[in-house]
Amino acid sequence: MVGELVTMRVFPFIGIFLSLFIACFGHKFLRPSMILLGFAVGSFSALHVFYEYADILHNWACDAIFIASLVCGGIVGLIASMLVHGVSMVMGAIAGAAVVTLFFDICESCNEPLWPNAATFLDKLLVPYWLSFAIVALIGACITRSKETRILAIVTSFIGGWGGAASVRLAVGSQKGRLPGWANLLVAAGFSALGFAIQSFLISRSQKAKERANKPPQIALVSAPQTNGVAALPVGAAVA
């Protein structure tokens, strides 16, 4: 009973909170964002698989499914924390994968097989879904390899938007509702826009602070009465 309450009522709102954090502060806390993202993806994916294949698991109790999902999320989060040098590239790959996932969620006709008896994996077609998934994820990893701050802000805000849309859809589904594809896109766009606006503000403020810190002190020519000469003194310096 506790597991059912948490998985159906609490998990979606945890996902919304984590998505907002990643969307709004992802570039500043890249490694913590990776850990949170790994935990969220691992736990939500495990939750989906456990419910999807409940018959094979001999109808596990909700409490067992909840605990197993948390364990899987913890393992994926731990693996994500070890990706020290490739954090930005992994973020780019995830953003690329999120683009493909969101696109195929909206474009239902794109999920139709291109030829009879087309191969599938995890109920998704190898072509075009998984092929597009791999190509766009690779492109995303290459783009974020430079670790440029603005690019990381765009990537993390989009990841947060995609995660927010998935969490909202899960919350609506827990109430026996269904979120249309266009509404899913609007939610993702709203989360991403809010996150990127906040990250852009933080980046601009940080850059201005660095410029002020690196600005050389101004020098002014001040007359020194006791010597009848001219001395170069910093602005604001007291003259005896």
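What percentage of the 240 residues of the protein count as buried? The figure is 33%. The structure described in this report is a predicted model.

## Overall organisation

The protein contains 7 helices and 4 strands. Followed along the sequence, these elements occur in the order α-α-α-α-β-β-α-α-α-β-β.

## The disulfide and other cysteines

The model has 1 disulfide. It is formed by C107 and C110, whose sulfur atoms lie 2.1 Å apart. The torsion about the S-S bond of C107 and C110 is about 70°, and the disulfide is therefore right-handed.

The two partners fall into separate accessibility classes. C107 has a relative accessibility of 19% and counts as buried, because buried means under 20%. C110, at 22% relative accessibility, counts as partly exposed.

C24 is buried, with a relative accessible area of 6%, whereas C72 counts as partly exposed at 27% relative accessibility.

## A serine in helix 3

S69 is located in helix 3, which covers residues 62–81. Its relative accessibility is 0%, so S69 counts as buried. With neighbours within four places in sequence left aside, the residues in contact with S69 are S43, A46, L47 and F50.

## Packing of helix 4 and helix 6

Helix 4 (residues 87–106) packs with helix 6 (residues 149–174) at an angle of about 45°, and the axes of the two helices are 9 Å apart. That angle makes helix 4 oblique to helix 6. On the side of helix 4, the contact is made by S88, M91, G92, I94, A95, A98, V99, T101, L102 and D105. On the side of helix 6, the contributing residues are L152, V155, T156, F158, I159, W162 and R169.

The crossing also has a handedness: helix 4 passes helix 6 in a left-handed manner.

A188 has a relative accessibility of 4% and so counts as buried. Apart from neighbours within four places in sequence, A188 is in contact with L102, G161, W162 and A165. Among these partners, L102 and W162 also take part in the contact between helix 4 and helix 6. A188 and V168 are 20 residues apart along the chain, and their C-alpha atoms are separated by 9.5 Å.

Q199 is likewise found in helix 7. Is Q199 buried or exposed? With a relative accessible area of 0%, Q199 is buried. When residues up to four places away in sequence are not counted, Q199 touches I22, A23, C24, F25, G26, H27, A153, T156 and S157. One of these residues, C24, is itself buried, with a relative accessible area of 6%. Another, T156, belongs to the residues of helix 6 that make the contact with helix 4.

Notes
Residues are numbered from 1 along each chain as its sequence is written. This is a predicted model: local features need pLDDT of at least 70, side-chain atom pairs count only at pLDDT 80 or more; totals for chains, interfaces and linings use all residues. Side-chain values use heavy atoms; hydrogens and water are left out. A disulfide is a pair of cysteine sulfur atoms within 2.5 Å. Buried means under 20% relative accessible area, exposed over 50%, partly exposed in between (1.4 Å probe, protein chains only). Contact means heavy atoms within 4.5 Å. Axes are lines fitted to C-alpha atoms, for helices over the stretch in contact, and angles run from 0 to 180 degrees between N-to-C directions. Angles under 35 degrees count as roughly parallel, over 145 as roughly antiparallel, 65 to 115 as roughly perpendicular and the rest as oblique. A crossing is left-handed if the near helix is turned anticlockwise from the far one by less than a right angle, and right-handed if clockwise.
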